[in-house]
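Please keep the sequence and the model in view while reading.

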Amino acid sequence: MRSVISLDDLTTADVDALTGRAVAFGAGERSSALAGRAVGVYFRKSSTRTRTSFWRAATRLGAQVITYGPDDLQLTTGETLADTARVLSGYLDALVVRTNGDIAELRELAKADIAVVNALTRFEHPTQALADIATLREEFGDLSGRHLLYIGEGNSTAAALVRAAELTPGLTFTVVTPPGYGVPDDVLADKPSGITQHHDLDALPEAVDAVYTSRWQTMGVSKADPDWLTVFTPYQVDEALLERVSHDGTIFLHDLPAVRGQEVTDGVLDGKRSRAWRQAHHKMTIAMAVLEWCVTGRDD
Ligand code: CP
């Protein structure tokens, strides 16, 4: 029984195995590896893609699924995480969790004999970054020598991409955010030289392979500056910005949901370079790969 709580827990080989398996599922591979198993899906926050894709992934693998909303478990009446996990581990093989808290909650749950999957915590969204790497691998194959450019807020999506890039040898990753809204320094500390962050739109790299943005407003987290939108507006990925940094084969990624007209224009999101919809599909294929990896220990 293994868990996916933080990308910091994974190795390059793990990321290679998980994303390779997701690409195979995306190409039509089938598996009934979770037949006779049961998966809990416990979401304390809104979700369209992650909750549905984990439910569908588990059922595709042959498992039965129970879903819990924010008020459904006795955690809301004071039962401890440890007691909850101890009980649920007698019924379930895996628990997929989205919470406002940090990964300490998930680590507490994982002390019981149950695989725990982080479906978004306050600072980490590991399965999103794995889906993103799977989308890039499907498009480009080997990612060594490729260049991913992220433009927007240094949020949990960006932080997860920093960690995923570190685990993807040879992938250059440039993060460009408004000043004051970058990926935290501790996330960037001790990273390879190909992973960098700056705030200068006049110094964007050229001929990158993929351009990525995400929502500027993180769910449940408001910005202190009432004029934050003015600061962010020049960082919108519009057609002109995308073409400025692209070559013929450059693709556009967005983890969705998007605020059309804010961080991205309709023309980019719906344009010929966009792989955002395929990326959303890979939320399900990576969920299949993660559940199979956690519950069965499959490594290839
Ligand atoms: N990208 C993502 O995590 O989407 P949801 O919030 O809809 O799950």
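## The ligand shell

In this predicted model, the residues of the shell around the ligand fall into three classes: three are nonpolar, four are polar and two are charged. Ser-47, Thr-48, Arg-49, Thr-50, Leu-120, Gln-128, Asp-255, Leu-256 and Pro-257 surround the ligand.

Domain 1 (7–125 + 283–296) and domain 2 (128–280) each supply at least three residues to the shell around the ligand.

## Two domains and their contact

The protein is divided into domain 1, which comprises 7–125 + 283–296, and domain 2, which comprises 128–280. A distance of 25 Å separates the C-alpha centres of domain 1 and domain 2. Where the two meet, 21 residues of domain 1 are in contact with 22 residues of domain 2.

On the side of domain 1 that touches domain 2, the elements giving two or more residues are α1 (12–26) and α11 (276–296). Helix α1 provides the largest share of that side, with seven residues. By class, the residues of the side of domain 1 that touches domain 2 divide into eight nonpolar, eight polar and five charged.

## A parallel sheet

Four strands make up an open sheet with parallel pairing, arranged in the order β2-β1-β3-β4.

Strand β1 (residues 38–43) pairs with β2 in the parallel sense, over five bridges. Within this part of the sheet, Val-39 stands opposite Val-65, a residue of β2.

## A helix across the sheet

Which strands does helix α2 lie across? Helix α2 (residues 49–60) lies across β1, β2 and β3 (94–98). The direction of helix α2 is at about 175° to β1. Arg-49 and Thr-50, among the residues that surround the ligand, fall within the residue range 49–60 of helix α2.

## The annotated region

An unreviewed UniProt entry carries the annotation "domain: Aspartate/ornithine carbamoyltransferase carbamoyl-P binding", which covers residues 2–138. In the model, the span of residues 2–138 is 40% helix and 15% strand. The end C-alpha atoms of residues 2–138 lie 25 Å apart.

Methods: Residues numbered from 1 in each chain as written. Predicted model: local features only at pLDDT ≥ 70, side-chain atom pairs only at ≥ 80, totals over all residues. UniProt positions renumbered as here; feature names shortened; annotations may be inferred. Near = placed C-beta within 6 Å. Nonpolar A, V, L, I, M, F, W, Y, C, P; charged D, E, K, R; others polar. Domains from an automatic or database assignment. Pairing = 2+ DSSP bridges. Contact = placed C-beta atoms within 7 Å. Axes fitted to C-alpha atoms, helices over the stretch in contact; angles between N-to-C directions.
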